[in-house]
Amino acid sequence: MFTVGVVVNPVAGLGGAAGLKGSDGLDVQREALARGARPRAGERAAQAVRTLLSRRPDARVVSISGPMGAEGAHELVRLPSHGEAGVTTAADTRAAVAALGHVDLLLFAGGDGTARDVLDAVTELGEAAPPVLGIPAGVKVYSGCFALSPATAGFVAAGFDGTTAEAEVVDLDEELYRRGAVSPRLYGSLKVPAARQALSGRKAGSSTTAEGTVEGIAREVVARMRPGTRYILGPGATTLAVGRELGLATTLLGVDVVERGGSGFGGVGGVVVGADVTEAQLFELAKDGPTALVLSVIGGQGFVLGRGNQQVSPRVLDAVRDGGGELIVLATQQKLAALNGRPLLADTGDEETDTKLSGHVRVITGYREGTIYRISPASEEFDL
């Protein structure tokens, strides 16, 4: 019988919508909950399990009892408790992987920090360790061992024939990340199903030679801005350049809301309406007048929504749409070319919202330069 193990990091992604840029540490998790964040990793794991069983109903799913378990599992394994009651730690993740080391394939729901814990546990298991696959549920998800979406993880698991490949695990220091320092570090590799098209791949850094192009993109965005419209600037160096073009000090890794003032270059200025906002704050700002959304593409992966910008939730997108706002996507020509024709991706956590976004969008690639590019739900089934 084909057996799939599932481990859930219940706090993965908790800090995303709360604007905390990660979920590592008990203090950060408590602050996220205080800001109204809601755990979503369990839901995303359940989606993967449903997809797996719909495609391969004879599969047996084994998970962990308690908050690290997946809904829909046929069998639950109990672990010794660690730390505070109801609080899971990296040690729990490693123990869960060890307890499920007998399965044919292990799925884990989390982000890059969870992937590191899985890597540690798999290393301890040695040759007996099963292949693994990440269900994306974290804030960043820079590592290449994750499926494009929870549904895609289910598709891959259902079609797994034992053929594997190596995928990299990378992570970064969240404290430095919150201060604007982005320096992903390679920790090792995991054995994953050989389904490259269905994996997100490792995030690629921005080219150091593209600074002039980024400034050109920013200049074009500002030239298109309309006074009286609010503009949501997502995370990234390209959107940061838009703030700089307006003469504003916006945040590199947060979500800001700005308005343009004046007209024509030389006299262009702006105002920050909201700096480093949470999802709740962004929703209130988005529904209070015409709002446009400015997002950059994650290099090497193609994600526009759902990676590092969870503040832009389905209800925020609905508020932008209801107000007649538009989605403005930013990417250099080099970044688009590196996708080799693969679509841009949306993974908001709501399939209906992702489907509404599907189609073609205009991508600004430079000053007075742009192209039309396809955007698809990340849950779209690939020909595996």
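A: At 68% relative accessibility, Asn340 counts as exposed (exposed means over 50% relative accessible area, buried under 20% and partly exposed in between, with a 1.4 Å probe and protein chains only). This is a predicted model, in which local features need pLDDT of at least 70 and side-chain atom pairs count only at pLDDT 80 or more, while totals for chains, interfaces and linings use all residues. Residues are numbered from 1 along each chain as its sequence is written, and side-chain values use heavy atoms, with hydrogens and water left out.

Asn340 is placed in the loop between helix 11 (333-337) and strand 14 (344-346); helices (H or I, at least four residues) and strands (E, at least two) are DSSP runs, numbered from the N terminus. Although Asn340 is not a glycine, its phi is positive, at about 55°. Most residues other than glycine have a negative phi. Asp276, likewise not a glycine, has a positive phi of about 50° and belongs to the loop between strand 10 and helix 9. With a relative accessible area of 28%, Asp276 is partly exposed.

Thr353, in helix 12 (residues 351-357), is buried with a relative accessible area of 3%. Leaving aside neighbours within four places in sequence, Thr353 is in contact (heavy atoms within 4.5 Å) with Pro314, Leu317 and Thr348. Arg362, in strand 15 (residues 359-366), counts as partly exposed at 44% relative accessibility. Beyond its neighbours within four places in sequence, Arg362 is in contact with Arg224, Val329, Gly370, Thr371 and Ile372, and its C-alpha atom is separated by 6.9 Å from that of Ile328, 34 residues apart along the chain.

Aromatic rings also deserve attention. The structure holds one aromatic pair (rings of Phe, Tyr and Trp, the last by its six-membered ring, pair if their centres lie within 6.5 Å; planes under 30 degrees apart count as stacked, over 60 as edge-to-face and the rest as tilted). Phe108 and Phe146 form this pair edge-to-face, 5.4 Å centre to centre and with 65° between the planes. Phe108 lies in strand 4 (residues 105-110) and Phe146 in the loop between strand 5 (132-136) and helix 5 (150-158), so the pair ties together parts that are 38 residues apart in sequence. Phe108 is buried, at 0% relative accessible area, and Phe146 is buried with 0% relative accessibility. Elsewhere, the charged end of Arg307 sits over the ring of Phe303, 3.9 Å from its centre, the criterion being NZ of Lys or CZ of Arg within 6 Å of the ring centre and within 35 degrees of the ring normal.

For the chain as a whole, there are 12 helices and 16 strands, and 53% of the 384 residues count as buried. Of the contacts with a separation of 6 or more, 69% are accounted for by residues 24 or more positions apart.
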